[in-house]
Amino acid sequence: MSDAEWVLVRDLLPVPGWPAGRGRRPEGYCHRQMIDAIRYLVDNGIKWRAMPCDFPPWPRVYAFFARWRDAGLIAELHDRLRGAVHDAEGRDQDPSAAVVDSQSVKADATVALTSRGFDAGKKINGRKRHLLTDTLGLLPAVLVTPAWWSSRHLRAGGW
């Protein structure tokens with residue numbers, strides 16, 4: 001992450017609880033290092049254990065990610081970043097229009113039967129990715145379902 005990117009992201013990060021006495025001890029690594037490591041992992045599609053030695057040890061990075069994911073902070077950061085982009089474009093933070101699209105992808109036999117299904121239209125046994133895209137091309141929501149789900153199921157659920 002460049003210094004300019006970090007300046008923008010730093011102010012949007014959730015505030016840790018320890019400065020206000022609401023949490024554990026301070027974390028041993030800078031949030032910038034941890035976010036850089038997670039971005040590297042996602043960008044390059046590597047396994048956690050293949051994390052280069054330039055980053056903190058992979059168990060620490062994974063623990064950081066898991067803690068933020070479980071507390072909903074990853075989604076909160078995503079929403080804050082999307083809101084900042086909307087503000088920069090002079091738009092409301094909540095999009096007024098969006099498009100839903102889906103894609104069926106094959107799933108390996110090791111994927112649990114409860115999370116995959118058969119898409120008869122595409123003749124694919126696997127999962128379906130449903131993306132909600134706003135007018136700026138940003139993703140307010142992503143949903144992964146068994147492949148037999150259709151857009152009708154999403155509309156019925158209020159998405």
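This note covers the core, the salt bridges and the cysteines of a predicted model.

1. Ground rules. Local features need pLDDT of at least 70, side-chain atom pairs count only at pLDDT 80 or more, and totals for chains, interfaces and linings use all residues. Residues are numbered from 1 along each chain as its sequence is written, and side-chain values use heavy atoms, with hydrogens and water left out.

2. The core. The largest nonpolar core has 14 residues. Such a core is a set of buried Ala, Val, Leu, Ile, Met, Phe, Trp, Tyr and Cys residues joined through side-chain atoms within 4.5 Å. Buried means under 20% relative accessible area, exposed over 50%, and partly exposed in between (1.4 Å probe, protein chains only). Trp6, Leu13 and Trp68 are among those that touch the most other members.

3. Leucine 13. Its contacts (heavy atoms within 4.5 Å) include Trp6, Ile35 and Leu77, not counting residues up to four places away in sequence.

4. Salt bridges. There are seven. Each is a side-chain nitrogen of Lys or Arg within 4 Å of a carboxyl oxygen of Asp or Glu. Aspartate 3 pairs with arginine 32 at 2.9 Å, N to O. Aspartate 3 is exposed, at 55% relative accessibility.

5. Another pair. Glutamate 76 meets arginine 80 at 2.4 Å, N to O, in a salt bridge. Both are partly exposed: glutamate 76 at 28%, arginine 80 at 33%.

6. Cysteines. The structure has zero disulfides (pairs of cysteine sulfur atoms within 2.5 Å). Cysteine 30 is partly exposed at 40%, while cysteine 53 is exposed at 77%.
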